[in-house]
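User: I would like a close look at one part of this model. Please keep it brisk and give the cut-offs as you go.

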Amino acid sequence: MKVKYKIMREKAIKLEKLMKKSKEKGLKLTPQRMVIFNILSEHDRHMTADEIYQRARAEYPMLSPATVYRNMEQLVEAGLLTHLDLGGPSMRYDTNLDEHHHFVCEKCGKITDVYLKDIHYELDPEKSNLPGVRIDSPQLYLHGVCGECG
Ligand SMILES: [Zn+2]
Ligand SMILES: [Zn+2]
């Protein structure tokens, strides 16, 4: 019972954050957008556009894939989500806006947020031909086997 309450509370907090940010950015809280926000706050953080569409359609059968994809892109542009590109065929979205990296399990495909302390990214000037470059957002993808699969 307590666990369930905690999950509901976490969902409510996430939903509230999305709605607040959305208002700040001048995005209207349309019924379609609310369906998407509900899904984003309820489920895993790294869903593909298609997974989001499938879930949205279950709740709101009138939704077209184009509407869902367009809404997702608007949310990325407004800074409520980021793209997560794992190199596979489908683009994923990330609702965690804190600076973080990802651990990808090679067996079950689960993607987990990881936070790394004190990394200093320094280009090797002899091997990298990028004079004068400044790195703003390094993204690391750590591949391995998760605790449940290992
Ligand atoms: Zn795994
Ligand atoms: Zn993430």
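What is the strand order in the open sheet of 3 strands, and what kind of pairing does the sheet have?

Analyst: The order is β4-β3-β5, and the pairing is mixed. Some ground rules come before the details. This is a predicted model, in which local features need pLDDT of at least 70, side-chain atom pairs count only at pLDDT 80 or more, and totals for chains, interfaces and linings use all residues. Residues are numbered from 1 along each chain as its sequence is written, while chains are lettered from A and ligands numbered from 1 in the order in which they are written.

Now the terms. Strands (E, at least two residues) and helices (H or I, at least four) are DSSP runs, numbered from the N terminus. Two strands pair if DSSP finds at least two bridges between them. In general, strands of a sheet pair through backbone hydrogen bonds, either parallel or antiparallel.

Take the antiparallel side. Strand β3 (residues 101-105) pairs with strand β4 (residues 111-114) over 4 bridges, in the antiparallel sense. His101 stands opposite Val114 in β4. The two strands form a hairpin, with 5 residues between them. Gly109 sits in that turn and has a positive phi of about 80 degrees.

Next, the parallel side. β3 and β5 run parallel, joined by 4 bridges. Here Cys105 stands opposite Gly144 in β5.

Back to the sheet as a whole: its order is β4-β3-β5. The edge strands are β4 and β5 (141-144), and each pairs on one side only. From one strand to the next, the twist averages 25 degrees. For such angles, axes are lines fitted to C-alpha atoms (for helices, over the stretch in contact), and the angles run from 0 to 180 degrees between N-to-C directions.

Where does this belong in the chain? The domain assignment gives domain 1 (2-82) and domain 2 (98-150). Such bounds come from an automatic or database domain assignment. The C-alpha centres of domain 1 and domain 2 lie 26 Å apart.

Last, confidence. pLDDT is the predictor's confidence in each residue, from 0 to 100. The protein chain has a mean pLDDT of 89, and 99% of its residues reach 70 or more. Where pLDDT is low, predicted coordinates should not be read in detail.
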